[in-house]
Amino acid sequence: AGGRPGADTTFDPGQMRVGRRLAIKLLNASKFVLAAADPAGPPREPIDRGMLTLVARAAAEATAALESYNYTRALERVEACFWFFCDNYVELVKTRRYGGRGADAAASANGALLVAVDAFLRLFAPFLPFVTEEVWSWWREGSVHRAAWPTAAEILLGEAEDAAGADALEAAAQVLG
């Protein structure tokens, strides 16, 4: 999927390594999220709402790219968001999701993590069909390939974007860096 429509591409073993790394990261991140998903509740913390805002934006951009047959751009956008999610958000919420700041904060983190993984699996399904199907089978019935495509409204749980939360998350990611 890294070759743009109409452009000749050559086989590159390096791309296979990149794809393998992405597939393994998707498996491991999903395992982390699903291993201790309780308590789960609606995401109320600003950082959680900000992360969902970033995922919703990525989903909207990927949808627009796929509708214009630019599958390379769709994959790039989803992959960039996923790596940001893993490298920054997951690291920020590890302590909180295990109850380090109380049950309500843990429920917010777990709820946001579950929504994000659900969306990422559906967004990656056209590009990583086998790994997404495997992870989907760990907690959902049926096939990820028959599930509805994620929408921004669904990812945001019917609420408005939290631009301030997204900015706070990006600032926190810079501090982590």
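In the predicted model, A109 is in contact with D48, Y89, V93, R96 and R97, leaving aside its neighbours within four places in sequence. This alanine has its place in helix 4. With a relative accessible area of 0%, A109 is buried, the cut-off for that class being under 20%.

From its first C-alpha to its last, helix 4 reaches 31 Å, close to the 32 Å expected at 1.5 Å a residue. Just after helix 2, Y69 takes a positive phi of about 60 degrees.

The largest nonpolar core has 50 residues, of which M51, F82, F85, F120 and F124 touch the most other members. At least two residues of this core are supplied by each of helix 1 (13–35), helix 2, helix 3, helix 4 (103–124), helix 5 (129–139) and helix 7. Helix 4 provides the largest share, 12 residues. In soluble globular proteins, nonpolar side chains tend to be buried together. For M51, the contacts comprise F85, Y89, A112, L113, A116 and L169, when neighbours within four places in sequence are left aside.

The packing of helix 3 (residues 71–97) against helix 7 (residues 163–176) was also characterised. Their axes are 10 Å apart and meet at an angle of about 90 degrees. Helix 3 is therefore roughly perpendicular to helix 7, a class that covers angles of 65 to 115 degrees. On the side of helix 3, the contact is made by F84, N88, Y89, E91 and L92, and on that of helix 7 by L169, E170, A172, A173 and L176. By class, this contact has 7 nonpolar, 1 polar and 2 charged residues. Two residues of this contact, Y89 of helix 3 and L169 of helix 7, also occur among the contacts of M51. Y89 is likewise one of the residues in contact with A109.

How values were computed:
Residues numbered from 1 in each chain as written. Predicted model: local features only at pLDDT ≥ 70, side-chain atom pairs only at ≥ 80, totals over all residues. Heavy atoms only, no water. Axes fitted to C-alpha atoms, helices over the stretch in contact; angles between N-to-C directions. Helix = DSSP H or I, 4+ residues; strand = E, 2+ residues; numbered from the N terminus. Parallel < 35°, antiparallel > 145°, perpendicular 65-115°, else oblique. Contact = heavy atoms within 4.5 Å. Nonpolar A, V, L, I, M, F, W, Y, C, P; charged D, E, K, R; others polar. Core = buried A, V, L, I, M, F, W, Y, C linked by side-chain atoms within 4.5 Å. Buried < 20%, exposed > 50% of the residue type's maximum accessible area, 1.4 Å probe, protein only. Expected span 1.5 Å × (residues − 1).
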